[in-house]
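I opened the model to look up a few points of geometry and contact. The entries follow in the order in which I took them.

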There are 2 protein chains.
Amino acid sequence: MSRVLIAQGGGPTAVINQSLVGAVIQSRGAEAVDAVYGAMHGVRGIVDEDFIDLTREPRGTLERVAETPGSALGSTRDKPDEAYCKAILEVLRAHGITVFFYIGGNDSSDTLRILSAQAAKAGFDLACIHIPKTIDNDLMVNDHTPGYPSAARFVANAFAGINRDNAALPGVYVGVVMGRHAGFLTAASSALRTGDDGPHLIYLPERAFDMDGFVGDVKATYDRLGRCMVAVSEGIQDDAGEPIAAKLAKELEKDAHGNVTLSGTGALADLLTGAIKESTGISRVRGDTFGYLQRSFLGCVSDVDRGEARAVGVEAARFAEAGNTEGSVTIHRTADYQVEYRLSPLEEVAGKTKVMDDAFISASGTDVTDAFADYLRPLLGSQIPVLAGFGPERVAKILNK
Amino acid sequence: MSRVLIAQGGGPTAVINQSLVGAVIQSRGAEAVDAVYGAMHGVRGIVDEDFIDLTREPRGTLERVAETPGSALGSTRDKPDEAYCKAILEVLRAHGITVFFYIGGNDSSDTLRILSAQAAKAGFDLACIHIPKTIDNDLMVNDHTPGYPSAARFVANAFAGINRDNAALPGVYVGVVMGRHAGFLTAASSALRTGDDGPHLIYLPERAFDMDGFVGDVKATYDRLGRCMVAVSEGIQDDAGEPIAAKLAKELEKDAHGNVTLSGTGALADLLTGAIKESTGISRVRGDTFGYLQRSFLGCVSDVDRGEARAVGVEAARFAEAGNTEGSVTIHRTADYQVEYRLSPLEEVAGKTKVMDDAFISASGTDVTDAFADYLRPLLGSQIPVLAGFGPERVAKILNK
C-alpha cells in the first residue's frame, strides 16, 4: 500500500487549491493508496508533524476549498538545508509516507529535488512529484504555470478599468506589478488595450531600467496623448542587474531563500512618480502598487487556469500511480489552444527561472509584441468584458471663444 | 421643445456610465426633448463648448458604454467660481440647453447648486438635476450612493482573498482603502469575514487615530492569532482632525476644491507598516494601498449597484420631464431590501458630507457592528463567493519532537 502526503509552498494563488483538490481526489481513487495526508505550512508542517487527514474529507468541502483562493494547507518560505531534509525524511518514514506532492514554484521544486536525492541516498523509497504553481510564470519547461492566467486576468482587468479612469481624469499613472525576475505578469497589463488605451509603456525586468530614459518616455507619451499610463514590474533592474527596489530599501528584508522582499511596500511606485513630478512638472501623477491584491483576489479567475490547475494535480497523482518516483508536472502547448501534461525531471525545473522570450518584447524594450498577445489571449479564459466609449465627433461650436 | 445636456464630474466609478445611459435613453424618449448632448470632462467641457451629440447614438453603443467602468464623457475636478458659472450659462444659452444633468458627488452637486441659483438670478429657465455617484458613500439624504456597492464588493473580495493569503503565510497586513471623510468603503473590508478571518482591526476617519494605540492593537491581535490584518481608511485623522496622510506629505498636493490628494501614493501604508516593524519587532509586515484599483475595476460589479445606477439616471430624466427645475435624485431604503428614488432639494446634498453613523462603529472604535453588516449585505449584490478551509483536526503525532 502507499500513503500520500501533499503540501503547498511559496506564494498562494487564486487557483492553487484546485491543484491540491485534484491530487487528493485522484489519489483517493487509486487502489494502492490507503491514506492521503496534508502537511500544514509546507515543509515546516512536515518537521512539526502537523498533518491533516484528507482521506475521508467530504467531497463537498474539497470542492468549496478548490474554489477558495490562497493555500488551504498554509504555506512557508522555508528552504530546507541538509539537516532540515533529514528531519523531513524521518517524519515521512515514521508516518509511512511513500508519495510526496509539493505544490509550488522554483524554490519548492528545488526543495523536492534535494529531498528526492537524499531519500535515494538513504535508501528510502519515496516518490517526489512537483506540482507547478506561480503567478510569476517563470518555471522552465512549462508553456505557462497555473496561477499566472488568473493573476494576469486581474492585472489586465485592473489596467483596463484604470485606463478608463485615467482617460476621464488625465494624468500620469504608474502601476507596479509583481514579478521578481520575469515580466510576464506586468506584460499582461496590455491584454485588453485597443486604440490609444494604456498602458502606453511597460517596463520589464528583462530589460535594463534607466531612470532618465523612463522619465523621457513618460514625458514624450504625455506630450503626445495628454496622459500616460505605465506598467512597471517590481523587479526592474539597472544595467548591473541590481533591482531598483533593492537600491531603495534602507534595510534589505530578505527571506530564507535570499530573495529581497519587493512587495508589501509602495516605495518603488513613489520613487517613480516622484521622479516624474520632479523632472517633467506634470502635476497629476499617481502611482499604485498592486501588491497582494493580484495574487489571491476573489472573483477574478480564468476558467482556463481553473481547469489546468485542477489537471496538474490530477496528473501528478496519475504519474505517481504509474510508478514514477520523481519529476515535475509540466504544461506544454500543443495547439492554439490545447495543452498536454508531461512529467519532466525535477532538475530541469528546480531552482531555475524562465524569463520572457525576446520575441515577446518590442524593439523599444517598453512594450510587448503581437506574439506575446497571441501567447496570452487563450490563457485569460472566457467572458472577457468588452469596453466601449464614444466616438470623436463633436457638436459644432457656436461661441467659439 | 427642451434640449438636454449631461456631464460627469469627480472620480469615476464602475457604474457611473449606467447613470449616463439611463438619463440619455429616458430623455430621448420624452416627446418634448429634441436633442441630448454630452459635455466632455464635466463643466470644463461646457465652457470649452466640447459637446457630443447623443441624440441618435446607437442603443447598442450606449449599452456597451453602460457596462464600461470610468466616466465615458470624461471628468473634471474644476469647481466653478462666479465667472466660470457665468461662462457656463452663456454656452448653455447659446446651445439652447434647458435641462442640465450633472452626475457626481458632493462637489458636483454644489457646482449645480451655484449654477441653478445664478441661472435663476439671470432669468434663465434652466433645470439643474444632480445624479448621485460616489464610491465614498458620503452624500447626505441618501441611504447609499451608486458606485459605492461595487467598490465595496471589490474591497470585500480583496480582503477575503488576502485573508486566505495571510492565513497561509502569517504576518501583519495593512490595506489602505479610499475614503476622505467617511469610512464606509474601508468598513466594507469586513463583509465576507467568518470566524477568525481578517480584517481584525478597522480604522475609520470617524474615529481619532492614535499611532501608539494602533501599534498596541496590532501587537495584541498578532499575539493572540499569530497574524493580524488591518483595514485603514486613507482619511484617518488625529484627534485635532488633521489627516495622518497630510502630515506625511512633504508637499501637500491639493486639487481645485481644496482637497488634499490622499491617493496615488503608498506613503500612508508605508508609514503604518514602518511603525509596526519598529515597535513590535514583528518581521513579516506588509502594506498595500488599494488606490485606483478599487474605483473602476473591470469585472467586479454589484448587480444591485448596476441596476440602481441605471435607475437614478432614468429617474433624473423623469423628474425633469415632470417639470422639476432643481434637485438631487436620492436613494431611500424602504424595506430589506427595497429602495425608492426621490428628488431632494440641491441644498440638502450640495457640499455636505455624510459619515458613518455611530451605530455602525463598534465601541472599541476599531471594528464595525452587526448593524453595519445588515446595512451593507444587500448592496453587494448576488453571487457572493463562499470561501472554505479545512477543520482543526490533526493526525496524531508519532515522533512528537
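I looked up the handedness of the crossing of α1(A) and α12(A) and found it right-handed. By the convention I used, a crossing is right-handed if the near helix is turned clockwise from the far one by less than a right angle, and left-handed if anticlockwise. α1 covers residues 16-28 of chain A and α12 covers residues 303-321 of chain A; they pack at an angle of about 35°, with their axes 7 Å apart. Axes are lines fitted to C-alpha atoms, for helices over the stretch in contact, and angles run from 0 to 180 degrees between N-to-C directions. Helices are DSSP runs (H or I, at least four residues) and strands likewise (E, at least two), numbered from the N terminus.

This is a predicted model: I took local features only at pLDDT of at least 70 and side-chain atom pairs only at pLDDT 80 or more, while totals for chains, interfaces and linings use all residues. Residues are numbered from 1 along each chain as its sequence is written, and chains are lettered from A and ligands numbered from 1 in the order in which they are written.

On α1(A) the list includes Ile16(A), Leu20(A), Val21(A) and Ala23(A). On α12(A) it includes Arg306(A), Val312(A), Gly313(A) and Arg318(A). By class, the contact has 10 nonpolar, 6 polar and 3 charged residues. Here Ala, Val, Leu, Ile, Met, Phe, Trp, Tyr, Cys and Pro count as nonpolar, Asp, Glu, Lys and Arg as charged, and the others, Gly among them, as polar.

The cut-offs are 20 or more other C-beta atoms within 10 Å for buried, 12 or fewer for exposed, and in between for partly exposed, with C-beta atoms placed from the backbone. The C-alpha atoms of Arg318(B) and Ala30(B) are 8.7 Å apart, although 288 residues separate the two along the chain.

Next I read the domain assignment of chain A, whose bounds come from an automatic or database domain assignment. Domain 1 is 2-146 + 301-349, and domain 2 is 149-299 + 356-380. Their centres, taken over C-alpha atoms, are separated by 31 Å. The contact takes 22 residues from domain 1 of chain A and 21 residues from domain 2 of chain A. The domain 1 side has 8 nonpolar, 6 polar and 8 charged residues.

How are the two chains related? I laid chain B on chain A with an RMSD of 0.0 Å, by a turn of 180° and a shift of 0.0 Å along the axis; the copies are therefore related as by a two-fold rotation axis. The superposition is by least squares on the C-alpha atoms of residues with pLDDT of at least 70 in both. In chain B, Gly266(B) has the C-alpha nearest the axis, 2.1 Å from it.

At the interface, 67 residues of chain B are in contact with 67 residues of chain A. On the chain B side, α6(B) gives the largest share, 9 residues. That side has 32 nonpolar, 20 polar and 15 charged residues. The copies meet through the same surface, because 100% of the interface residues of chain B are also interface residues in chain A.

I went on to backbone exceptions. Most residues other than glycine have a negative phi, and most peptide bonds are trans. The bond from Gly198(A) to Pro199(A) is cis, with omega near 5°; Pro199(A) is in the loop between α7 and β7 of chain A. Another cis bond joins Asp336(A) and Tyr337(A), with omega about 10°, and Tyr337(A) lies in the loop between β10 and β11 of chain A.

For positive phi, I noted Gln383(A), near 55°, in the segment after α14 of chain A. Gln383(A) counts as exposed, with 8 C-beta neighbours inside 10 Å. Asn137(B) has phi near 60° and sits in the loop between β5 and α6 of chain B. Asn137(B) is buried, with 28 other C-beta atoms within 10 Å.

How values were computed. Contact = placed C-beta atoms within 7 Å.
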